[in-house]
Amino acid sequence: KLTDDDIEKVLLCIDAVNKVKRLKLANCVNITGAGLEPLRGSTIIEQIDLSLVREHQRPNISPEPPISREFVLPILDSVIA
């Protein structure tokens, strides 16, 4: 299972802030979103999928996923600013 540390390392390694247009992390229920930091300020990214469940699937996940608005929203704000 992917962790924030794994995601951050991959994004840094591939220079994601300058190269990645779409990032799909659907069903990554173990991340907080802190690993998305390398995308901060990207002018390239067009889509980030952080879906926790599939379409037509009940959104009841137990235990509750650790994804955090505190980590994710500032990064997304920096991308759309």
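I began with Ser51, which is partly exposed, at a relative accessible area of 32%. My scale: buried is under 20% relative accessible area, exposed is over 50%, and partly exposed is in between (1.4 Å probe, protein chains only).

Ground rules for this notebook. The model is predicted: local features need pLDDT of at least 70, side-chain atom pairs count only at pLDDT 80 or more, and totals for chains, interfaces and linings use all residues. Residues are numbered from 1 along each chain as its sequence is written, and side-chain values use heavy atoms, with hydrogens and water left out.

I placed Ser51 in the loop between E2 and H3. Helices (H or I, at least four residues) and strands (E, at least two) are DSSP runs, numbered from the N terminus.

What does Ser51 contact, leaving aside its neighbours within four places in sequence? I found Leu25, Ala26, Asn27 and Cys28. Contact means heavy atoms within 4.5 Å. Ser51 and Leu25 are 26 residues apart along the chain, and their C-alpha atoms are separated by 7.1 Å.

Leu50 lies in the loop between E2 and H3. I logged Leu50 as partly exposed because its relative accessibility is 21%. Not counting residues up to four places away in sequence, Leu50 touches Leu25, Ile31, Leu36, Ile67 and Val72. I checked the spacing to Ile67: 17 residues in sequence, 9.1 Å in space, C-alpha to C-alpha.

Then I turned to Leu25. With residues up to four places away in sequence not counted, Leu25 touches Leu2, Ile7, Ile31, Leu36, Asp49, Leu50 and Ser51.

**The core**

I looked up the largest nonpolar core, and it has 14 residues. Such a core is a set of buried Ala, Val, Leu, Ile, Met, Phe, Trp, Tyr and Cys residues joined through side-chain atoms within 4.5 Å. Among those with the most contacts inside it are Ile7, Leu11, Leu25 and Leu36. H3 gives the most, with three residues.

**Helix H1**

Which residues of H1 are buried? I noted Asp4, Ile7 and Leu11. They sit on the same side of H1, because they cover an arc of only 65° around the axis. That arc is taken over the directions from the helix axis to the C-beta atoms. Lys9, Leu12 and Cys13 are exposed on the other side of H1. H2 and E1 are included in what covers the buried residues.

**Two positive phi angles**

Most residues other than glycine have a negative phi. Asp15 is not a glycine, yet its phi is positive, about 55°. Asp15 lies in the loop between H1 (4-13) and H2 (16-19), and is partly exposed at 30% relative accessible area.

**The largest pocket**

How much space lies in the largest pocket? I recorded about 200 Å³. Leu50 is one of its lining residues, and the list includes Leu52, Glu64, Ile67, Arg69 and Val72.

Terms used:
On a 1 Å grid over the protein atoms alone, a cavity is a set of points where a 1.4 Å probe fits but cannot get out, and a pocket is an open set with protein on both sides within 12 Å along at least five of seven lines; lining residues have an atom within 4 Å of a point. Grid points are joined across faces, edges and corners, and a volume is the space filled by probe spheres set on the points.
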